Each structure stands twice: as C-alpha cells, then as structure tokens.
Amino acid sequence: MAHQSLIQEYMQTPVVTRAYTTACVLTTLAVQLEIVSPFQLYFNPILILKQYQVWRLVTTFLYFGTFGFNFFFNMIFTYRYCRMLEEGSFRRRTADFVMMFIFGGVCMVICAFFVNLLFLGQAFTIMLVYVWSRRNPLIRMNFFGLLNFQAPYLPWVLLGFSVLLGNTVLVDLMGMAVGHTYYVMEDVFPLQSGGIRILKTPQFLKRLFDRPVEERGYSPLPEEQPGGFDWQADAPNQN
C-alpha cells in the first residue's frame with residue numbers, strides 16, 4: 001500500500017519538477033554505483049569548448065554530492081519549491097516555467113565561466129526558492145522550529161545555514177542574484193510605466209508544454225498551504 005501511494009504521489013508530481021528531481025536522483029545514484037564519475041559531470045569550460053563535452057552544461061545542475069545530509073537537504077528544498085512554483089504561480093504555464101529553467105541555467109553557466117564553481121545545482125535550488133519567496137511575501141516561515149520570519153528572508157536564512165555547513169557563499173549568492181534578475185524582469189519591470197515583458201517564451205515551448213489542465217494528470221498543491229516539514233510556512237498574518 002505504501003509502495004502504491006509513493007508511486008501515485010510521484011506520478012501526480014507536475015512534469016518539470018518530476019523530470020528535474022528524477023534526473024538529480026538518478027545522476028547521484030549513478031555516481032554512487034560508480035557507473036559514472038563526478039569528474040565526468042562537473043563544469044569545465046576548457047573541456048566544454050575544446051573537447052565538446054557539452055553534457056557538462058547540464059550535468060553540473062544534476063549532481064549534489066554523494067548520498068548524505070547535504071544531498072537530501074538540497075533535494076527536499078528543490079522538490080518542495082520547484083513543485084510549489086509549478087503548481088502555484090506557473091500553474092497552466094509550464095512553458096514559462098521551462099523558460100525560467102533555461103534562463104536560470106544560461107545565466108549561471110555564463111557566471112561559471114568567470115568563477116571557479118564546479119557544480120551549480122545548489123545555486124539553481126536557491127534561485128527557485130528566491131523566486132517563490134518573492135512571489136509569496138506574506139507567508140510566514142518556520143525554520144527547524146528555531147526561526148520565524150517572512151518568506152522573502154528564506155534565501156538569506158539558507159545562506160546562513162549553508163555557511164554553517166561549511167559551504168561557499170558564492171553558490172548561494174549566485175542563485176539569489178539570478179533569481180532576483182528573473183523576478184525583476186518578470187514581476188517588477190513589466191508593471192512599471194512603459195515597462196514591457198523582456199523574457200518571452202518561444203511558441204514552440206508553448207506548443208510542447210502548455211496542454212489543457214485536465215490532460216496533465218496531477219492535482220494542484222496550493223502555495224498558500226505548503227505544509228510538510230519543520231520549515232513549513234504558516235498561514236499569512238492577517239493582522
């Protein structure tokens with residue numbers, strides 16, 4: 001019964017979230033089983049440009065390290081906020097969500113050419129968290145029962161937690177910078193006087209991903225009721 005419930009939950013996960021998190025888990029599992037090596041996955045501009053190992057542009061976002069606390073922590077946050085975005089502000093707009101993935105990935109790859117970062121998955125997770133937090137500013141968060149704060153502070157709390165784990169702040173700062181850039185381009189600038197939407201989703205992505213909602217095969221998970229873990233959001237403060 002539990003096995004069937006897990007499969008059902010997996011199949012009800014929206015397509016982009018399911019595809020990305022599955023790719024991350026399978027990549028880590030392949031490394032764990034020594035099918036591939038992390039040396040074949042990390043971001044290396046020289047190997048990409050001179051030996052045409054273009055797969056590194058993708059695999060750098062899929063590997064979060066060997067199975068352990070850091071991996072599961074990142075996977076939980078990636079799945080959680082990716083799904084809430086896809087079923088919340090991007091509901092019925094899967095093509096636009098894919099476009100955000102492409103925009104974030106391209107920006108981070110460009111930055112990685114100038115800084116020494118091998119894997120960009122954590123930065124990508126922070127970008128997802130940042131965009132969600134800015135689009136849900138009234139939701140109150142509780143982080144491991146220790147901190148209470150409004151949603152827009154969540155990326156900064158994760159930055160502090162990352163420092164405590166001994167990780168470099170550059171990864172988190174990159175994710176926040178790309179997330180803020182996307183937020184300004186999509187949610188701020190178009191609403192200004194004379195503003196336009198700069199980032200436009202190509203029609204082929206819309207034809208590929210934007211099907212009628214009844215064909216998608218999953219139930220919405222309201223962003224207003226994330227629930228779940230110790231860092232869950234409470235209801236918006238009505239005072």
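How far apart are the end C-alpha atoms of helix α6 (residues 94-112), and what should its 19 residues span at 1.5 Å a residue? I had a predicted model open for this, so every entry below is a reading of that model.

**Entry 1, helix α6.** I looked up the ends of α6 and found their C-alpha atoms 27 Å apart, which agrees with the 27 Å that the 19 residues should span. Then I checked burial: 14 of the 19 residues of α6 are buried, so this helix is largely enclosed by the rest of the structure.

Next I turned to α8, residues 154-164, and listed its buried residues: Leu 154, Pro 155, Val 157, Leu 158, Leu 159, Phe 161 and Ser 162. I wanted to know what covers them, and the cover includes the helices α5 (69-87), α7 (121-135) and α9 (169-188), along with the strands β1 (140-143) and β2 (147-150). Just after α8, I noted that Gly 166 takes a positive phi of about 85 degrees.

Is Glu 86 buried or exposed? Its relative accessibility is 1%, and the cut-off for buried is under 20%, so Glu 86 counts as buried. I also looked for a partner and found Thr 17, whose side chain is joined to that of Glu 86 by a polar contact of 2.7 Å.

My last stop was the loop between α4 (56-59) and α5, where Thr 60 sits. Thr 60 is buried, with a relative accessible area of 0%. Leaving out residues up to four places away in sequence, I found Thr 60 touching Leu 41, Phe 43, Leu 118, Phe 119, Leu 120 and Gly 121.

Terms used: Residues numbered from 1 in each chain as written. Predicted model: local features only at pLDDT ≥ 70, side-chain atom pairs only at ≥ 80, totals over all residues. Heavy atoms only, no water. Buried < 20%, exposed > 50% of the residue type's maximum accessible area, 1.4 Å probe, protein only. Helix = DSSP H or I, 4+ residues; strand = E, 2+ residues; numbered from the N terminus. Contact = heavy atoms within 4.5 Å. Expected span 1.5 Å × (residues − 1). Polar contact = N/O pair within 3.5 Å; in protein donor to acceptor, adjacent residues only side chain to side chain.
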